Amino acid sequence: MEILKRKCVDKKVEEALQENLKFLQTVINTIPNPIFYKDSDGIYKHCNTAFLEYLDKEYEEVIGKGVHDIYPKELADIYYRADNELMNNKGKQIYEAKFMYKNHSLRDVIFNKATIKDKNDGASGLVGVIMDITERKLAAKNIERLLKMKDAAIAINQAIIATNNINELFNLVLDKISQVIDNAEFSCVLVLNEDKNLSVAACKGYDEEKSKSYFLNLKDTFLWIKTKGKLDNAIIINDIQEMLKDRFPNILENYRGAKIESSISAPIVVDGELYGFVNVDSSSNHSFDEYDLDMMGYLSNQIAILISNHRLYKEIIYLSRYDKLTNVYNRSYFEELFGSYIKDAIINKKEFLLVLFDLNRLKFVNDNYGHLAGDKLIRVFSNSLSDLIGSEDYFARFGGDEFIAIFSTDEWEKTGKMFEDLIRDFRNNPIIFEQNNIICEFSYGIAKFPYDGKNYDQLVKIADERMYSYKKTIKNIQKFHQD
């Protein structure tokens with residue numbers, strides 16, 4: 001009777017225990033984090049549904065197996081060493097590692113493990129919980145990248161104001177690319193010329209001396225071949241060494257002698273036209289991700305804005321210094337240069353000549369042949385005078401039909417003879433405009449520093465008086481011959 005009662009009690013205890021185990025399993029399976037239990041030999045004895053789903057395996061494929069039966073060796077070695085360390089030291093263990101997801105991608109995870117003690121206070125096994133932190137790490141990394149990108153954009157925009165050298169700006173952009181894109185070991189900016197060939201405008205990591213003679217036809221680029229000429233967006237290119245065996249071009253040599261395995265190539269489009277490419281390269285295959293691709297697209301747009309702004313800046317600088325019709329200095333910039341020139345002349349006790357020129361018949365030409373003929377007359381005169389200007393001389397359009405120049409010489413007569421020779425040359429070689437022969441005639445007046453004046457206004461006044469005296473003399477001679 002007692003035995004029967006004991007059997008009934010044991011059965012109820014066992015049923016209750018099974019019920020509790022079933023309830024515990026249900027609870028564990030509702031937990032979204034993967035959970036596993038291993039014995040002291042590192043063999044999986046139990047896990048929850050989330051663990052199986054994470055690995056995309058069946059229960060039977062896991063239970064009774066060790067880490068080396070389930071994971072790649074490099075990962076299994078890490079887990080095995082960590083498990084042994086925990087079993088030897090007992091207690092708890094938290095560490096970050098890579099874990100293979102069900103699509104065979106590697107995820108960033110945190111392992112939380114603890115030993116299970118037996119009745120002798122020894123370790124009979126361990127239980128572990130996996131927390132996937134891939135998205136969190138990616139978000140943190142993206143925030144860091146965005147902050148770096150913001151700093152890079154600020155630095156680039158500030159540099160546009162600080163320098164007018166486009167190659168210096170390209171080098172700055174490449175420096176910033178290496179800071180914001182991981183694995184960007186090499187980079188370059190390629191600029192397209194009229195012959196549809198690309199040359200290296202700037203590079204990082206590559207042989208700069210060899211880059212000067214490097215060129216590549218547009219249709220031989222990775223981007224062109226990969227996209228079949230649709231150069232709209234940046235693309236990631238992997239397995240480059242395999243491609244080089246086929247019809248793809250050689251890559252610019254680098255200082256390390258490294259073989260390029262992966263790349264991002266982004267087109268630079270300025271004002272609707274292809275300007276060139278910005279490329280980043282790595283010696284590791286599959287080095288770049290979609291976020292890197294987005295950043296390269298952003299950076300290529302920044303380069304396009306940089307180039308457009310630089311062109312605008314150059315245009316503004318040009319217009320502030322040059323006369324648009326003749327491409328010689330304008331009056332305001334000439335006066336600025338004159339200020340520095342005369343200071344140097346005073347300090348070093350130099351003599352120089354200031355000359356004013358005036359075209360004699362511009363109004364007649366405009367009235368009889370049109371303003372296009374007058375413009376051509378002005379350009380012919382300015383081009384011819386520019387040929388007489390030395391490396392230390394300055395020549396500018398003073399306004400309308402008047403020009404001004406500084407000649408760094410004290411030889412008055414020789415300079416005057418040079419102008420008389422030009423006048424004769426113009427008479428012998430008239431300008432042909434719409435079947436009309438137009439003779440370019442001009443008057444000039446010379447003032448000598450410091451004898452005729454010691455400042456700009458004094459010298460201009462004397463030169464102007466002499467120019468009109470010369471003009472009057474010419475008119476009298478012409479009138480005499482007509483009479």
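# Close-up views of a predicted model

**View 1. N327 lies in the loop between α11 (290–321) and α12 (331–347).** Helices (H or I, at least four residues) and strands (E, at least two) are DSSP runs that are numbered from the N terminus. The phi of N327 is near 65°, which is a positive value in a residue other than glycine. This is a predicted model, in which local features need pLDDT of at least 70 and side-chain atom pairs count only at pLDDT 80 or more, while totals for chains, interfaces and linings use all residues. Residues are numbered from 1 along each chain as its sequence is written, and side-chain values use heavy atoms, with hydrogens and water left out.

**View 2. Q435 is found in the loop between β15 (431–433) and β16 (436–438).** Although Q435 is not a glycine, it has a positive phi of about 65°. Q435 counts as exposed because its relative accessibility is 80%, where exposed means over 50% relative accessible area, buried under 20% and partly exposed in between (1.4 Å probe, protein chains only).

**View 3. A cis peptide bond runs from F449 to P450.** The omega of this bond is near 5°, and P450 has its place in the loop between β17 (442–449) and α16 (456–482).

**View 4. An open sheet of 5 strands is built with antiparallel pairing in the order β2-β1-β5-β4-β3.** The strands β2 (44–47) and β3 (92–100) stand at the edges with a single partner strand each, so one side of each is left without a neighbour in the sheet. Neighbouring strands of this sheet are turned by 25° against each other on average, direction ignored; axes are lines fitted to C-alpha atoms, for helices over the stretch in contact, and angles run from 0 to 180 degrees between N-to-C directions. Two strands pair if DSSP finds at least two bridges between them, and β1 (residues 35–39) pairs with β2 in the antiparallel sense over 3 bridges. K38 has Y44, in β2, as its bridge partner.

**View 5. Helix α5 (residues 73–89) packs on the sheet of the previous view.** This helix touches β1, β3, β4 (106–117) and β5 (123–132), where contact means heavy atoms within 4.5 Å. The direction of α5 makes about 170° with that of β3.

**View 6. The protein that holds these places has 16 helices and 17 strands.** Its C-alpha trace spans about 160 × 50 × 40 Å along the principal axes, and buried residues make up 42% of the 483 residues.
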